[in-house]
Amino acid sequence: MPQLQNLNNNSFRITFPGKPLAVRSALAQMMEQLTALDLSDHDRGNIELVLAEAMNNIVEHAYIDTPDGMVELQITPTYNGLVCHLRDEGVPMPEGKAPSGSPAPLDCDTEELPEGGFGWFLIRDLAHDLNYTRISGKNLLSFRISVGAT
Amino acid sequence: MQLETTPRDDALVVTALMDRIDAAIAIQFKDDLRTVTNGEAPRVVLDLSHVDFLDSSGLGAVVAAMKLLAPAQKLELAGLGPNVEKVFRLTRMDSVFTIHSTVDAAFDGVAKAS
């Protein structure tokens, strides 16, 4: 069961196992907490999408061989948006960096249309200041999602 | 099974009843969509009006389903809410699918033509 903490400095932290249903539950709990920030539907949509994509990547790649690996998500509201930190203990990102997420071309026949690879494109399109590092066997991904622009 | 089918004119309307098409259910969704459309009308309209959230896994499932149905069947989309529409638009997948604002709108043109 994901454990959500409301930290003293107005950050929210939740720790959960790297499995699809736990991601769903953790995301729902975090979005519930964020209602206190009175964000627009547009901003909530962006936040939920970027978080889902980043967390799914951990489940599907970092923890590909570790079904019980834990994931920690921390969100800190700042003047500049929501700063998000994700930590896991899975395998490193390929070549030690976050994928560029270049979208595959779509001007092809139906049978050649891509069915995947959109996740990093969406993350990079909607989030700022993306940073990936690896420290002491842990993956640390941070990014900022702007709010209130529209 | 969270898909409901309704024949309409010469098409099959498939209503997705779940509120999320995400990584947790994407594969099941794709398989179920293929199951309910198998051998059915050449035109399939997928009603996504109940779906509040769709991520890249969900998008991939819809694309995969479209590819599985082709070429005998054409998959069209209807009722995309703002979050779902955003994912199709940002990835430019909205240029690959025929997208209707509502299910009724998917059939207006046909009615007028006849």
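What you have here is a predicted model, so a look at confidence is a friendly place to begin. For chain A the mean pLDDT is 92, with 93% of its residues at 70 or more.

Within chain A, the elements range from strand E1 (residues 3-6), whose mean pLDDT of 67 is the lowest, to strand E6 (residues 138-145), which has the highest at 98. Where pLDDT is low, predicted coordinates should not be read in detail.

## Where chains A and B meet

The two chains touch through 23 residues of chain A and 22 residues of chain B. On the chain A side, the elements that give two or more residues are helix H1 (20-34), helix H2 (41-62) and helix H3 (119-126). H2(A) supplies the largest share of that side, with 7 residues.

## A sheet in chain B

Chain B holds an open sheet of 5 strands, in the order E1-E2-E4-E6-E7 and with mixed pairing. At its edges lie strand E1 (3-8) and strand E7 (99-100) of chain B, each of which pairs on one side only.

Further in, you can follow strand E4 (residues 43-47) of chain B alongside strand E6 (residues 74-78) of chain B: the two run parallel and are joined by 5 bridges.

Key
Residues are numbered from 1 along each chain as its sequence is written. Chains are lettered from A and ligands numbered from 1 in the order in which they are written. This is a predicted model: local features need pLDDT of at least 70, side-chain atom pairs count only at pLDDT 80 or more; totals for chains, interfaces and linings use all residues. Two residues are in contact if their C-beta atoms, placed from the backbone, lie within 7 Å. Helices (H or I, at least four residues) and strands (E, at least two) are DSSP runs, numbered from the N terminus. pLDDT is the predictor's confidence in each residue, from 0 to 100. Two strands pair if DSSP finds at least two bridges between them.
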